[in-house]
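Please consult the sequence and coordinates shown next.

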Amino acid sequence: MAVEMRLPAVHKPISLAASQSNRDDKHLVVPGDVITSDTGFMRGHGTYMDEDRLTASVAGEVERVNKLICVRPLKTRYNGEVGDVVIGRITEVQQKRWKVETNSRLDSVLLLSSVNLPGGELRRRSAQDELAMRDYLQEGDLISAEVQSIFSDGALSLHTRSLKYGKLGQGVLVLVSPSIVKRQKTHFHNLPCGASIILGNNGYVWLYPTPGHQDEEAGGYYTSMEPVSLSDREVISRLRNCLLALAAHKVLLYDTSVLYCYEASLTHQIKDILKPEIIGRARCVTSRAQLACANMAVPATTNDYKKSAESYET
Amino acid sequence: MSSEIWSPCILRDQERCLLVMMGELSEDLRILSTCKLLQHDSQLLEAVFRTHRLSYETRGSRSKSLHDRAVINCQYSMATFSTAERKRRPHGDRKSSEMSLHLKQTFEAAVLTELYPRSQIDIYVKILQADGGNYSACVNAATLALVDAGIPMRDYVCACTAGFVEDTPLADLCHAEESGGGTSLALALLPRSGNIALLQMDARLHQDHLDALIEAAMTACKGVSKVLDGVVRQHLEEVSVLTRD
């Protein structure tokens with residue numbers, strides 16, 4: 001079997017001048033940089049007070065909202081906020097709760113009172129429910145949930161009290177950095193190419209075949225174990241490689257950008273998408289398509305993208 | 001994405017090179033950041049693992065967690081091929097645990113641990129090629145890895161060694177100079193404030209020479225901090241260009 005090998009290549013630094021000229025100049029700081037000596041500002045995350053001077057403690061961009069100054073680091077563990085959709089893996093089953101690993105500093109907590117009971121009953125959880133916890137979620141299961149609140153030490157409290165959250169069945173999990181998942185109104189998308197995607201805010205992205213008929217009664221308990229067809233599996237594999245390609249170039253992930261990258265990758269074989277030159281090409285096409293649609297200011301469809309891409313190239 | 005800088009940093013009469021690579025050298029997402037540093041001829045690979053809650057299962061480890069601060073756990077190890085003679089070094093060696101303790105003390109002074117109650121920050125350092133200045137290379141690499149991981153710190157921590165050769169203070173000693181029997185001073189500094197995180201000296205030195213030696217080491221540390229600063233800023237600019245939308 002032939003194996004392809006590559007020698008390490010010299011990395012070309014991306015210069016600032018090559019970027020768009022209409023972007024504002026972002027204020028980049030490193031730990032120890034003094035941001036301001038003005039005492040009128042409030043101190044946010046990523047900063048500390050050093051003798052009346054507001055100093056940065058992480059390397060990143062300075063964000064200023066009125067009087068609040070904070071520094072957002074480029075790469076960090078997922079910091080949860082209330083209302084975020086996350087995907088997590090159960091690590092422990094404890095007395096009245098599950099411990100869920102969500103790529104954050106501390107393991108998140110899923111309380112027994114925050115999950116739906118089978119059949120959708122509304123009642124107080126009894127001792128029998130406690131003993132039956134393991135029948136529902138075991139160690140190693142994947143769930144999709146929403147952040148309900150944050151404990152004082154930073155651990156997240158999750159809940160799955162909606163029919164769209166719950167245990168995840170067959171699919172592919174892709175791990176990316178939390179900072180490249182765009183915050184949107186909804187994180188559950190049924191892509192027109194034939195698969196569905198859940199973009200977790202914590203950087204975990206779940207790809208799964210679009211369920212044929214939604215079973216409303218079962219809620220999050222029923223996971224279908226029917227075999228998935230080859231075409232669906234190919235679509236999901238291609239999407240997974242596209243996601244990794246976009247993540248390598250730190251492109252913001254949302255349903256449209258994933259779709260553009262998918263369309264751009266249709267000319268290549270699935271296993272070729274992860275090669276560096278194709279990643280670069282796919283990224284260029286994706287960003288050009290995004291720009292073209294932003295300039296057009298109409299809802300973007302695949303036909304519009306093709307037209308605009310052609311006009312861009314001519 | 002990784003950014004590679006080849007920056008000649010003249011720490012002494014001869015040119016010493018400081019080569020730094022930071023960024024995601026590892027595909028494993030559990031490793032939050034890695035950094036490879038080549039300081040003159042010492043090379044080392046460094047990884048900062050994720051911050052995590054001290055697990056309940058490990059015996060006695062729950063008692064090690066502090067309720068208001070993070071615990072910094074450093075582990076220092078040398079590869080068997082790192083020195084001139086191939087030597088197998090077991091874990092828990094006296095020298096490696098002493099070095100781990102020094103690293104832990106250094107970073108507890110710099111990292112803002114109050115922001116992470118009941119958590120643990122792991123710093124793993126492995127020396128690939130040793131030619132003197134092991135501790136200083138470890139500190140510089142760990143600083144870069146922590147900055148890349150987004151862990152809040154007061155300032156960079158830069159370290160360098162200094163020694164006396166024929167009444168001249170010299171910075172950044174190599175292995176032959178360190179083991180030659182002369183004095184060797186290792187200094188870890190927070191450059192902006194000039195605060196010393198760790199000062200360590202081997203062998204004996206006359207008191208009159210101490211100031212000159214510390215001065216030389218501080219100048220060298222400030223030079224190192226400029227190089228590290230340049231690398232971090234370039235990495236920041238690259239990544240911020242990529243993430244703009």
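In chain A of this predicted model, β15(A) and strand β16 (residues 195-199) pair in the antiparallel sense over three bridges. Within β16(A), A:Ser196 is the bridge partner of A:Asn190. Strands, and likewise helices, are DSSP runs numbered from the N terminus (E, at least two residues, for strands; H or I, at least four residues, for helices), and two strands pair if DSSP finds at least two bridges between them.

These strands belong to an open sheet of four strands, ordered β14-β17-β16-β15 (chain A), with antiparallel pairing. At the edges stand β14 (172-175) and β15 (188-190) of chain A; each has a single partner strand, so one side of each is left without a neighbour in the sheet. From one strand to the next, the twist averages 20°. Helix α3 (residues 230-248) of chain A packs on the sheet, where it touches β14, β16 and β17 (204-209) of chain A, and its direction makes about 160° with that of β17(A). Here contact means heavy atoms within 4.5 Å; axes are lines fitted to C-alpha atoms, for helices over the stretch in contact, and angles run from 0 to 180 degrees between N-to-C directions.

Helix α4 (residues 255-265) of chain A is largely enclosed by the rest of the structure, because eight of its eleven residues are buried. Among them are A:Val258, A:Leu259, A:Tyr260 and A:Tyr262. Buried means under 20% relative accessible area, exposed over 50%, and partly exposed in between (1.4 Å probe, protein chains only).

Chain B has five helices and ten strands, and 53% of its 245 residues count as buried. Strand β7(B) is mostly covered, with seven of its eight residues buried. It pairs in the antiparallel sense with β9(B) over six bridges, and B:Ala188 in β9(B) is the bridge partner of B:Ala159. A further antiparallel pairing joins β7(B) to strand β8 (residues 168-171) of chain B over four bridges. In the hairpin of β7(B) and β8(B), two residues lie between the strands, and B:Glu166 takes a positive phi near 55°.

In soluble globular proteins, nonpolar side chains tend to be buried together. A nonpolar core is a set of buried Ala, Val, Leu, Ile, Met, Phe, Trp, Tyr and Cys residues joined through side-chain atoms within 4.5 Å. The largest such core has 54 residues, of which B:Leu103, B:Phe107, B:Val111, B:Ile123, B:Tyr135 and B:Leu146 touch the most other members. Elements that each supply at least two residues of this core include α2 (94-110), β6 (119-129) and α3 (134-149) of chain B. The largest share, ten residues, comes from α5(B). Apart from this core lies another of 27 residues, among them A:Cys193, A:Leu239, A:Leu246 and A:Tyr262.

UniProt places "domain: K Homology" (unreviewed entry) at residues 171-210 of chain A, and lists residues 68-152 and 155-219 of chain B for "domain: Exoribonuclease phosphorolytic" (unreviewed entry). UniProt positions are given in the numbering used here, feature names are shortened, and annotations may be inferred rather than shown by experiment.

| Span | End C-alpha separation | Helix | Strand |
|---|---|---|---|
| Residues 171-210 of chain A | 10 Å | 0% helix | 45% strand |
| Residues 68-152 of chain B | 16 Å | 39% helix | 22% strand |
| Residues 155-219 of chain B | 17 Å | 26% helix | 42% strand |

Residues are numbered from 1 along each chain as its sequence is written, while chains are lettered from A and ligands numbered from 1 in the order in which they are written. In this predicted model, local features need pLDDT of at least 70, side-chain atom pairs count only at pLDDT 80 or more, and totals for chains, interfaces and linings use all residues; side-chain values use heavy atoms, with hydrogens and water left out.
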